[in-house]
Amino acid sequence: MLINAIFLLLFEVKYCIMKMTISPEASKMDKKILIIETKNTHYVMGVNEKGILRHIHWGRKACREDYNLSPEWERNSNHSELDYISEEYSPFGGTRYRSCAFKCEYFDGCRDSVFTYESDEMTKDSLSVTLVDKAYDIRIVLHYKWSDEHDIITRSVTVVNNSAHDLTIEKLMSAELSLPTEEIYDITNTNGSWAGEFQLETSPFKAGSIRFETHRGTTGHVNSPFLILSKNATEDFGDVYFAALGWGGNFKMEAQRDFIGITRVTLGLNDFDFTKILHAGERITTPKAYIGYTNGFAEMSNQMNDFAIHHILPKSFAEEPLPVLYNSWEATGFDVNVDNQLRLAKIAAEIGCELFVMDDGWFGARKDDRAGLGDWYVNEEKFPNGIDELIEGVNKLGMDFGLWFEPEMVNEDSDLYRAHPEWVYHYDTRKPSLLRNQLVLNLTIPEVKEYCFDVMDKMVANHNIKYIKWDMNRPFSEIGAPNLENQRDLWYLHTLAVYDIADKLKAKYPYLQIEACSSGGGRAEYGALEHFDMAWTSDNTDPVDRLEIQRGFSMLYPRKSMRAWVTDWNAGSRPTSLDFRFNVSMQGSLSIGSNLLKYTDEEIEKCKYYIALYKDIRELVQFGKLYRLKNFRNDGMSANQYVSEDKSRSVLFLCSTATSFFNRQFKTLNLKGLDPNARYRVTMGDEVKERSGDYLMNVPLQERLADPLSSQIWMIEKI
């Protein structure tokens, strides 16, 4: 046994040495090195002697002249060199036995792909690399875009069919990532549910494969279309690699750690029930993937917050603070009419709200969730003088007006469904499944897509509507689309239709803000946020639950896009003070959803106080730096600090746990992000202190939150 082992080892060493012998021609080819330089990082790839585009480095900057390709060899006949190397974008084919980024079938039935380097084009902030399968005249173009201000690279892929035949794509990822070193990374995603979105889960990724995905037609509430891989990382330190996908439909994030410890990640369109047929001369471009490397989680979150504001969110409102919103849903439900809405609007204006949104119940025969969806005309019984009576009343109070739609859905009990039952996804041999008593409209039918646009277009054109809350309250089922040549294309085409409708509305009405909602956080991701101005993060507005939901959202998504409501949720079973509820909701885009008709004079005055305070600090919250000092799950309290770009102002939100033991009453805090050489005035309720920035950041501050579910807001201002 020992002799055999030594023999095999010697054979492998000899074999490796043979493979490492590189010809002069190959050495020249090694010098085809492509370097992307961001603010603090390098992303490097190179072309080997066989024309394969290899990944070389992603991380901290190094000497540019030193980058080169490492030798290649096969371990043995069961571990090929294609398995061993890190490719920049791996097609299915040859002797690759790991997960791939691209898979297709050519017109003659061949499913083996051979893509080699053809050309590249680099500018100061972009790179395109073209790979070609010469036998079939198919090209894959890898796109990279970056800026000097961030360490984030935007990636996408275009497949071009230059042949005279159809190409059937079976898997199409937006990016493939190779992480450096064979060390074990911690992998973070979410494991949530309806009313429990963005529940972060982290575990060491030691071997095998792991995937996070959805088959629902939207991103859903369980896994998120992002992935964070870290080594010994905290909020402040440690290697953090991350990727977020800009896609609101079926997605797939897959990580694999191979036999020598290389961790690879692919992310993009889910290949579940998916094919895309590219006819001769056609092309397809994937959703965008945003990737980055930072030192610590806080830097990751703050870079993505800033990057999203300047490069992802719709330009019309990206750099403007979002208004304080009142939504009447929890006060009136479906029972909306002019009188009760105006009574609520009067109080909402009095406490300082800037936007009044009427939710479900205003249209068709809508008295509950069993009828009316699809019939987007004003209910004359509820609004006998038309909806303008309400809108004008709201405008006279000094507020803009917004309206709820669920354009992708229809009830069987509706005029639309009775006229066009064929407009829903269906199979003739199957009974359609109802969820929330509704069905999904087939937006891949041009007439259906146009109808969905028209109903919102007419309402905005004919009435002074400044805001649309776009909801979607169920996933797909019975996914027949007989109008399509390739029915497995519906998942992709439906999502594109949603984005196109939103883009057309915003182009026609530049003043219109649109909120993405899908039973809460089912569409709270960068696909929606490229076309919508904000997202509804969860139907759960319980402030204690919301702290963890908002922490998960804040990891990679912009805080200004997170609508956060103050409501009466759970006030009976787990009472929380109005102060606590405002404390939590002021950490996003503050909104009010309470039944203001039941509020006491004291509560109304408290609402006025907190909304005025929020208006004073909302630029801090929506555009400043966020430092998560403590969190409920690990520390028994929540402490989030927001700091202005110039470090002149900061606000700290503190929340205690639901139970309080003596040894958990006392917590120490070190503030972050301040100017160490400046002095600050720290206002903690009635107590005011003056301290230097370096003192506040380096000397632990002891705070006692003795009462269960108590909260504080500290204001820190440079003197």
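**Note on the barrel strands and helix packing**

1. Strand S27 (residues 534-536) and strand S28 (residues 562-566) pair over 2 bridges, in the parallel sense. Within this pairing, Ala535 has Met562 in S28 as its bridge partner. The model is a predicted one.

2. Both strands belong to a closed barrel of 8 strands, in the order S20-S21-S22-S25-S26-S27-S28-S29, and the pairing in the barrel is parallel. From one strand to the next, the twist averages 30 degrees.

3. Helix H7 (residues 388-396) lies across strand S21 (355-358) and strand S22 (400-405). The direction of H7 is at about 140 degrees to S22.

4. Helix H10 (residues 490-508) lies across strand S25 (467-470) and strand S26 (513-516). Relative to S26, H10 runs at about 160 degrees.

5. Helix H13 (residues 578-585) packs with helix H14 (residues 601-623) at an angle of about 25 degrees, and the two axes are 11 Å apart. The angle therefore makes H13 roughly parallel to H14, since angles under 35 degrees count as such. The crossing of H13 and H14 is right-handed.

6. Which residues of H13 and H14 meet? From H13 they are Leu578, Asp579 and Phe582; from H14 they are Glu603, Lys606, Cys607, Tyr610 and Ile611. Sorted by class, this contact of H13 with H14 has 5 nonpolar and 3 charged residues, with no polar ones.

Terms used. Residues numbered from 1 in each chain as written. Predicted model: local features only at pLDDT ≥ 70, side-chain atom pairs only at ≥ 80, totals over all residues. Heavy atoms only, no water. Axes fitted to C-alpha atoms, helices over the stretch in contact; angles between N-to-C directions. Helix = DSSP H or I, 4+ residues; strand = E, 2+ residues; numbered from the N terminus. Parallel < 35°, antiparallel > 145°, perpendicular 65-115°, else oblique. Left-handed = near helix turned anticlockwise from the far one by under 90°. Contact = heavy atoms within 4.5 Å. Nonpolar A, V, L, I, M, F, W, Y, C, P; charged D, E, K, R; others polar. Pairing = 2+ DSSP bridges.
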